[in-house]
Amino acid sequence: GVWPGATFSRLFGILGIKDFEADSRKFKYRVVLQGSNMKDLNNNDVFFSDTSNAPTNMACIRSVIAYSQLSGGNVSQADARQAYIQPKLEDDVYIFVTIPEEMWNDEMKKAAKGINNPVFRLRRPLYGWSRSGNIWEGHLDAQLKSIKHDGLNGKDVWKNVPEWPQTYWKIDSKGKPIILTVYVDDFILGGPGSSDEWP
């Protein structure tokens, strides 16, 4: 079949050191998409417009930390688990990728038998693709706004802080403001009783 707007790229792995301290050093392997060299069905370069996302910035992070200290609260940090690959790609997104054989599972080996240079359909956004940040940002926003607890005035919900990207606030059950800001997949949460918000 023909897939309108289909694009082609490749996956590769990057191995790095997560922490340089000798006693806590960890190696981290990340699979990424080569988003800088995507092609269409006719082998033309593909450029994505309006795809930038807007993670928080250091001024906002410092403001959350300052608010936490001034309010008598605390500040804590957590990482999202596999942030970019949490949402699935929309059904009308057709990205086909070449995957190194050492990354193939048994099902892929079976499907690729007898095929030279097989490609596989990518079903989740990956680091390296310019649209992945937008998709993660939209997914995160929807997930946060779907969390409802009985608060001081009925249901409290995370709300966007105007002009502060990926920053949210809410009033907890004791009437105290709590602030959350997110830099890619790092969550910084602050305010009185904010540590009780972590699941």
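User: Which residues are buried in helix 3?

Analyst: This is a predicted model, in which local features need pLDDT of at least 70 and side-chain atom pairs count only at pLDDT 80 or more, while totals for chains, interfaces and linings use all residues. Residues are numbered from 1 along each chain as its sequence is written, and side-chain values use heavy atoms, with hydrogens and water left out. Buried means under 20% relative accessible area, exposed over 50%, and partly exposed in between (1.4 Å probe, protein chains only). Helices (H or I, at least four residues) and strands (E, at least two) are DSSP runs, numbered from the N terminus. In helix 3, the buried residues are Ser132, Gly133, Trp136, His139, Leu140 and Leu144. They cover an arc of only 130° around the axis, so they lie on the same side of helix 3. The arc is that of the directions from the helix axis to the C-beta atoms.

User: What is the span of helix 1, and which of its residues are buried or exposed?

Analyst: The expected span of a helix is 1.5 Å times one less than its number of residues. Helix 1 has 13 residues and reaches 18 Å from its first C-alpha to its last, close to the 18 Å expected at 1.5 Å a residue. Its buried residues are Cys60, Ile61, Val64 and Ser68. Their arc around the axis is only 105°, which puts them on the same side of helix 1. Arg62, Gln69 and Leu70 are exposed on the other side of helix 1.

User: Which residues have the most contacts inside the largest nonpolar core?

Analyst: A nonpolar core is a set of buried Ala, Val, Leu, Ile, Met, Phe, Trp, Tyr and Cys residues joined through side-chain atoms within 4.5 Å. The largest has 16 residues, and those with the most contacts inside it are Leu33, Ile95, Val97, Ile99, Leu122 and Trp129. Strand 5 (95-98) and helix 2 (106-112) each supply at least two residues of this core. Another core, of 14 residues, lies apart from it, and includes Ala83, Tyr84, Leu144 and Tyr168.

User: Where is Gly72, and is Gly72 buried or exposed?

Analyst: Gly72 lies in the loop between helix 1 (58-70) and strand 4 (74-79). Gly72 is exposed, with a relative accessible area of 63%. Its C-alpha atom is separated by 11 Å from that of Ser194, 122 residues apart along the chain.

User: Is Phe27 buried or exposed?

Analyst: Phe27, in strand 2, is exposed, with a relative accessible area of 59%.
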